Amino acid sequence: TVKMAAAQPRPASNGQHLDPCDYLTGCWKRNLEWRQFGGNFKRLRGTNAIVVIEEYISSVKEDGTRYLKWSFGRGLKPVDLRFGYVMKFNAGLENSDDENKKADSTAIEWQYCGHLCSGVFQQNTKVYVLNFHLKTSTVVITYRILDKNKMAVCIVEVDGRHTPTVQMGNMYRLDPNMYSTKNSDDS
């Protein structure tokens, strides 16, 4: 049985321990500038997207494990969003012999296009690093928490069919009520 919990924006803590799932949960606006990865890093384009991250309730219960569903699109309405993936967050590295790693790292796993992907949240630097190693491409995404409502984003994407890119920008937390009201005339 799978259920979706309502997305609740939660602020980052004041320098104390930060729950990486609580921080991500909510609605975000992502602005990126795309550049060629290499040479003179020629500007290619800019993009904007909505990212909705929701708690995903799984029937599989494990201590210290949470799941987040990521959806991407042009608006907050369900018809405007496309499913991305469900990430599994393993709080602390319980089996680690290194006491510092236990408190400082959260392991992340998910599947994308049939490939197992992995990442980590580093508590001490407030950084998420997500690695997509696919059959014909590699994508590395870094999210750095700047404050309770903003993250810096850097994406490096390399594959054999397209121009390799580096994408950089920010993600800003949205208030879904204000965003929906503001954009209701656009529908």
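Select Glu 109 to start: across from it, in strand 7, stands Ser 118. Strands here are DSSP runs of E of at least two residues, numbered from the N terminus. Strand 7 covers residues 115-122 and runs antiparallel to strand 6, with 8 bridges joining them; two strands count as paired if DSSP finds at least two bridges between them. This is a predicted model, in which local features need pLDDT of at least 70 and side-chain atom pairs count only at pLDDT 80 or more, while totals for chains, interfaces and linings use all residues. Residues are numbered from 1 along each chain as its sequence is written, and side-chain values use heavy atoms, leaving out hydrogens and water.

Next, go to the turn. Strand 6 and strand 7 form a hairpin with 2 residues between them, and Cys 113 in that turn has a positive phi of about 50°.

Now look to the other neighbour of strand 6. Strand 5 runs antiparallel to strand 6, joined by 4 bridges. To find the pairing, select Ala 91, which stands opposite Thr 106 in strand 6.

Which kind of aromatic pair do Tyr 85 and Tyr 112 form? The structure holds 12 aromatic pairs, and this one is edge-to-face, with 5.9 Å centre to centre and 80° between the planes. Tyr 85 belongs to strand 5 (residues 81-91) and Tyr 112 to strand 6 (residues 105-112), 27 residues apart. For such pairs, ring centres of Phe, Tyr or Trp (its six-membered ring) lie within 6.5 Å; planes under 30 degrees apart are stacked, over 60 edge-to-face, and the rest tilted.

Tyr 85 is buried, because its relative accessibility is 5%, whereas Tyr 112 is partly exposed at 31%. Buried means under 20% relative accessible area, exposed over 50%, and partly exposed in between (1.4 Å probe, protein chains only).

Then try Arg 45, whose charged end sits over the ring of Trp 34, 3.8 Å from the ring centre. Such a charge (NZ of Lys or CZ of Arg) is within 6 Å of the ring centre and within 35 degrees of the ring normal.

Finish at Asn 170 in strand 11 (residues 165-174). Asn 170 and Ala 152 are 18 residues apart in sequence, yet 4.5 Å apart in space, C-alpha to C-alpha.
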